[in-house]
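Hello,

I am passing a structure on to you, with some notes on what turned up in it. Please have it open while you read.

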Amino acid sequence: HDLSQIDRDIRHMEIMMEQQRWNAATDLYQNGWNSELTLHKFASNGYPWTASDDFRIFEEFYSQNDSAGYGFADGLVENALQGADPFQTATKGDRKALVLGSLQSQVMFLAILGQLEEAIDACDEKLPDKAMLYWDGAAALMIGSIEGPDDGGQPNGQSFFAISKQLCDAFGACEPVSSVVNTLLLSSMTA
């Protein structure tokens, strides 16, 4: 699924930021490389499918509580990448962590919800092929392509699947090759 490749853009951005190549990371964010859709489109509600109601709720909350003026996800990521207000004094490591955390948790979370909502709508409309396409899109965004076909996936993943593996020890939810959350996720998506 094409959407599974978007995690590669996040990984490539991480590498560019580690090398202090902020313009290259910004270019990847805005224009993408591995997927027809871009992280910028996801972060700015530019989905080709109907935007999630949840995106609008997050956007409204952040616009009402935004004294810095950077808006929701897109403005936050752009300003952190550029070292613009309010991130001029932030360390490069802090900026990198903010960009990656925002993309992996806020942006991808809302993109996944958008896919799931479209799948539900297609089911309600009795369009099973369309529903399956959106359901597969949600799974592709949740798992990503870096994980590969092996049980438990690979290191350096950038998706929810990878975050669950990274944090499972802190929550006492690790399994021999993955995490409890990932096992439940996979069984729920394939049920």
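Which helices each supply at least two residues of the lining of the largest cavity? They are α1 (6-18) and α7 (128-143); helices here are DSSP runs of H or I with at least four residues, numbered from the N terminus.

Before going on, a word on the source: this is a predicted model, in which local features need pLDDT of at least 70 and side-chain atom pairs count only at pLDDT 80 or more, while totals for chains, interfaces and linings use all residues. Residues are numbered from 1 along each chain as its sequence is written, and side-chain values use heavy atoms, leaving out hydrogens and water.

**The cavity**

The whole structure holds one cavity of 30 Å³ or more. (On a 1 Å grid over the protein atoms alone, a cavity is a set of points where a 1.4 Å probe fits but cannot get out; a pocket is an open set with protein on both sides within 12 Å along at least five of seven lines; lining residues have an atom within 4 Å of a point.) Its lining includes Leu3, Ile6, Met108, Ala140 and Gly144, and α1 gives the largest share, three residues.

**Helix α7**

The 16 residues of α7 should span 22 Å at 1.5 Å a residue, and the end C-alpha atoms are 22 Å apart, which agrees; the expected span is 1.5 Å times one less than the number of residues. Among the buried residues of α7 are Ala131, Tyr134 and Leu141 (buried is under 20% relative accessible area, exposed over 50%, partly exposed in between, with a 1.4 Å probe and protein chains only). After α7 comes glycine 144, with a positive phi near 80°.

**An aromatic pair**

There is one aromatic pair in the structure. Phenylalanine 109 and phenylalanine 160 are stacked, 6.0 Å centre to centre with 0° between the planes (ring centres of Phe, Tyr or the six-membered ring of Trp within 6.5 Å make a pair; planes under 30 degrees apart are stacked, over 60 edge-to-face, the rest tilted). The pair links helix α6 to helix α8, 51 residues apart in the chain. Phenylalanine 160 counts as partly exposed because its relative accessibility is 28%.

**The largest pocket**

Phe160 also lines the largest pocket, along with residues including Met142, Phe171 and Leu185. α8 gives the most to this lining, with five residues.

Happy reading!

Key: Grid points are joined across faces, edges and corners, and a volume is the space filled by probe spheres set on the points.
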